[in-house]
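Here is a friendly tour of a protein chain for anyone who likes to think in pockets and cores. Please have your viewer ready.

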Amino acid sequence: MDVKRQQDGDDQLWLFEDSTLASPRPGAGGEGGTGPAACEASQATTAPIPARALTVDLMEEVCQRENLNRAYRRVQANKGAPGVDGMTVRELGVWVKEHKESLIASLLDGSYQPQPVRGVEIPKPGGGIRQLGIPTVVDRLVQQAILQVLDPLLDPTFSASSYGFRPGRSAHDALAAAREYVAEGRVIVVDLDLEKFFDRVNHDMLMARLARPVADKRLLRIVRRFLNAGMMQGGVCVARHEGTPQGGPLSPLLANLLLDDLDKELERRGHRFCRYADDCNIYMQSRRAGERVLASVAQFLEGKLKLRVNRAKSAVAFVQERKFLGHRLLTGGGLGIAPVSLQRAQARIRRITRRNRGVSLDRMISELNSFLTGWVTYFVVPEKGTCGVAG
């Protein structure tokens with residue numbers, strides 16, 4: 001009975017109650033307060049003071065019962081592997097019941113200290129290694145709670161040509177916009193490849209951009225600590241001075257925040273483009289114009305944002321010669337599946353159906369059905385007969 005009760009507690013989705021939360025601190029001065037010191041700090045920024053003044057108490061919003069419970073439900077739904085402390089998502093509920101008062105207190109006074117992330121390397125489909133950083137489940141809870149407050153504040157300011165990791169937007173939306181640009185005659189694409197973008201993000205530059213709309217210094221300090229949290233690899237904790245490793249809830253929003261400067265620059269120049277996370281395509285009418293744009297945009301990224309453009313992988317070419325989000329755009333606005341996407345799907349099917357895997361036939365069929373359902377759902381938009389290799 002006790003075991004059953006504990007399991008039910010783990011599944012409880014309403015763990016935070018009003019009695020555990022502190023109220024805002026009107027008139028408090030110093031870092032993170034709402035008094036004169038905080039007001040003076042807000043005047044030193046470039047953001048409009050009235051709008052920014054509304055964000056001095058964001059940590060109180062983060063710690064609202066409804067927000068914390070929603071963050072807890074999302075972490076539970078996302079599941080995921082444990083971080084460096086070994087705590088599983090299943091065990092998070094018990095931990096929250098025992099520590100929620102101290103957790104909320106540390107968030108409200110800005111003293112919350114994240115643990116190092118667990119470094120995991122996974123192979124990229126096109127070769128190379130992608131570095132992931134898996135936060136502990138408690139850190140994922142805190143990041144998710146912060147994300148739910150920051151996202152409604154920041155997302156409306158992002159470019160309409162940005163599609164990745166944004167509510168109500170998808171890869172299919174990006175492809176639809178790209179098809180329109182090509183149909184208008186912009187058949188040359190400037191395909192930008194940012195070298196190890198998530199590993200190269202400059203922390204100072206990112207925090208400066210976050211401080212434009214956010215006045216709550218407690219939140220800024222905690223986000224900075226998440227960025228600076230070490231990475232545990234092979235039993236050794238390695239300090240991090242740049243990058244925002246993929247794996248935590250906040251990483252996509254912070255990436256969009258930094259790359260929004262690129263979006264605004266492209267808009268200022270009047271370019272037609274689609275960006276999905278760090279995958280950016282600019283559509284031009286001539287190769288000569290594309291070459292000029294590639295050179296000038298690379299200079300902007302490296303000079304202003306301190307990012308590196310992979311010139312070996314970046315290119316100016318006809319749209320049908322490049323791939324975008326696994327697809328191949330065709331002259332006239334048609335869309336097909338990129339040949340490399342077909343090759344990867346075939347390789348995945350061979351791995352799943354390999355006879356010497358040592359799994360049951362039922363499991364093999366289940367895995368195959370799961371993969372094919374997801375693959376077909378994603379690639380449903382390409383038109384029939386457009387999967388051939390580009391000429």
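The notes below cover the overall fold, the pockets and the nonpolar cores.

This is a predicted model. The protein chain has 391 residues, and 47% of them are buried. Its largest pocket holds about 1800 Å³ of space, and its largest nonpolar core has 90 residues.

**The chain as a whole**

- You will find 15 helices and ten strands in the protein chain.
- Among contacts with a separation of 6 or more, 72% link residues 24 or more positions apart.
- The protein chain has an accessible surface of about 19100 Å², and carbon and sulfur atoms account for 53% of that area.

**The largest pocket**

- A total of 47 residues line the largest pocket, and those nearest its centre are Pro125, Arg130, Asp279, Lys323 and Arg344.
- Helix H14 contributes the most, with six residues.
- Sorted by class, the lining of the largest pocket comprises 22 nonpolar, 16 charged and nine polar residues.

**The second largest pocket**

- The second largest pocket has a volume of about 580 Å³.
- Its lining is made up of 23 residues, with Arg74, Asn78, Gln144, Leu147 and Pro249 closest to the centre.
- Three helices, H5 (65–78), H7 (137–154) and H12 (251–268), each provide at least two lining residues here.
- H7 is the top contributor to the lining of the second largest pocket, with six residues.
- The class breakdown for this lining is nine nonpolar, eight polar and six charged residues.

**The nonpolar cores**

- In soluble globular proteins, nonpolar side chains tend to be buried together.
- Within the largest nonpolar core, Ile146, Leu150, Ile282 and Tyr283 touch the most other members.
- Helix H7 gives the most to this core, with ten residues, and H7 also gives the most to the lining of the second largest pocket.
- Which residues does Ile282 touch, leaving out those up to four places away in sequence? They are Ile188, Val189, Val190, Leu192, Leu266, His271, Arg272, Phe273, Val293 and Val297.
- A second, separate core has seven residues, including Ala345, Ile352, Met364 and Phe371.

Technical notes: Residues numbered from 1 in each chain as written. Predicted model: local features only at pLDDT ≥ 70, side-chain atom pairs only at ≥ 80, totals over all residues. Heavy atoms only, no water. 1 Å grid on protein atoms, 1.4 Å probe; cavity = no way out; pocket = protein on both sides within 12 Å on 5 of 7 lines; lining within 4 Å. Points joined across faces, edges and corners; volume = space filled by probe spheres on them. Helix = DSSP H or I, 4+ residues; strand = E, 2+ residues; numbered from the N terminus. Nonpolar A, V, L, I, M, F, W, Y, C, P; charged D, E, K, R; others polar. Core = buried A, V, L, I, M, F, W, Y, C linked by side-chain atoms within 4.5 Å. Buried < 20%, exposed > 50% of the residue type's maximum accessible area, 1.4 Å probe, protein only. Contact = heavy atoms within 4.5 Å. Areas by Shrake-Rupley, 256 points an atom, 1.4 Å probe, with all protein chains shown as cover.
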